[in-house]
Amino acid sequence: MTKSKITAIENAQIVLENGILWDGVLLLEGERILSYGSAREMKGQIPADAVRIDAQGAYVGPGFVDIHVHGGGGYSTCFEAVEASDFFLRHGTTTLLATPDYSMPFETFLAAIRAVKEAIGKAKTIRGFYMEGPYMNPEYGANKHRNPWRAPMDPQQYKALVDEAGSLAKVWAIAPEREGLLPFLEYARQVNPDVVFALGHSEATPAQVRSLGKYRPTLQTHSMDATGRLPVFGGTRSFGPDEYCMKEPDMYAEMISDSCCIHVHAEMQQLLLHNKGVHRMVLITDSTNDWGQAPPELAHVTDLNFDEKGGISGSKLTMDQACRNVMTHTNCGIAQAFLMASRNPARAVGLDQEVGTIEPGKRADLVFVDDKFRVQQVVLGGELCEF
């Protein structure tokens, strides 16, 4: 049996869960992380025939895990999965969940699932699906005038979608107020016992969320976006999905951190981080390929997308940009940004046994960045990527 090659990454600032290891050395064996330590600790442990990579003082952290991304660079993560995967890989995303659009009619939604399944393996970073819908509240979100999922839930349709996606459906985003939802949740969990339910595009009250019992969401789809609150007597502020997520200590909150805080105001980003803590915040890009015209007051913003009516329709973000933005808006540090962009999303969707942190035995998916999160090099499965 041929022994796997050893790769030594030297002169690195290694970003770990509990801080940064300055002047670190990281050893890889094949596609796995073998060990790490300070240069002093690792002296003499690097084999003579090891492949050596000089990180030149860069921060070396776990590759980004983007669990909610529709497309980018002009490519759909569903219908052009290989090209989209390569585009985001250049920006440090080594794990990606393809996200179909909730405005797709049934046949297109089914075709999107099949297209990704055919591309897995060739699309190097795609590990499954984030199903943003279709069973959310059609009154919320971009292109809502084109949302085809307003009719009562059809078991024949949802069973076809669930069966086709199978265990690759890591997340189903749902609105608890949808009638007939429980049979769907039960079936989705039957097909994939590990599936995560996300609270998305909803105006659900806490009672409606709690009524789902064991199927209650453990993740909120882009917190502070596409949510509403039912009116209450006397003008008192109502309590909706955003507040429910902030109150539930075990729930993860997704956040889109664009450059000008259009999705989530800077003060709200700080509130979310203060309330949920760095261990329950998940950065997403929600990157899309919509090409609608920006309204004049937002024409200067370069990392947003717009629908045909000028409404916000996701972003043009990549995860390196999202990390830079969240540091700007919340004053968090590089290590905290990596938690929100790598470890937390991996944990939220059950991929953390393989990716999300630098630990012996995990996949050697790494990104080298400078102090402004500019990507310098990317390692995927132990191999240095050539772009």
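Strand 1 (residues 6-16) pairs with strand 5 (residues 59-62) in the parallel sense over 2 bridges, where pairing requires that DSSP finds at least two bridges between the strands. Strands (E, at least two residues) and helices (H or I, at least four) are DSSP runs numbered from the N terminus. The model is a predicted one, in which local features need pLDDT of at least 70 and side-chain atom pairs count only at pLDDT 80 or more, while totals for chains, interfaces and linings use all residues. Residues are numbered from 1 along each chain as its sequence is written, and side-chain values use heavy atoms, with hydrogens and water left out.

A nonpolar core here is a set of buried Ala, Val, Leu, Ile, Met, Phe, Trp, Tyr and Cys residues joined through side-chain atoms within 4.5 Å; buried means under 20% relative accessible area (1.4 Å probe, protein chains only).

Not counting residues up to four places away in sequence, Phe373 touches Phe64, Asp320, Cys323, Arg324, Met327, Ile334, Ala337 and Phe338, contact meaning heavy atoms within 4.5 Å. Phe373 has a positive phi of about 60° although it is not a glycine.

Most residues other than glycine have a negative phi, and most peptide bonds are trans. Met224, also not a glycine, has a positive phi of about 75°. Met224 is placed in the loop between strand 13 (219-220) and helix 7 (241-247), and counts as buried at 18% relative accessibility. The peptide bond from Gly133 to Pro134 is cis, with omega near 15°; Pro134 sits in the loop between strand 10 (126-132) and helix 4 (155-165).

Finally, Ala266, Gln269, Gln270 and Leu273 in helix 8 meet Val326, His329 and Thr330 in helix 9.

Technical notes: Buried < 20%, exposed > 50% of the residue type's maximum accessible area, 1.4 Å probe, protein only.
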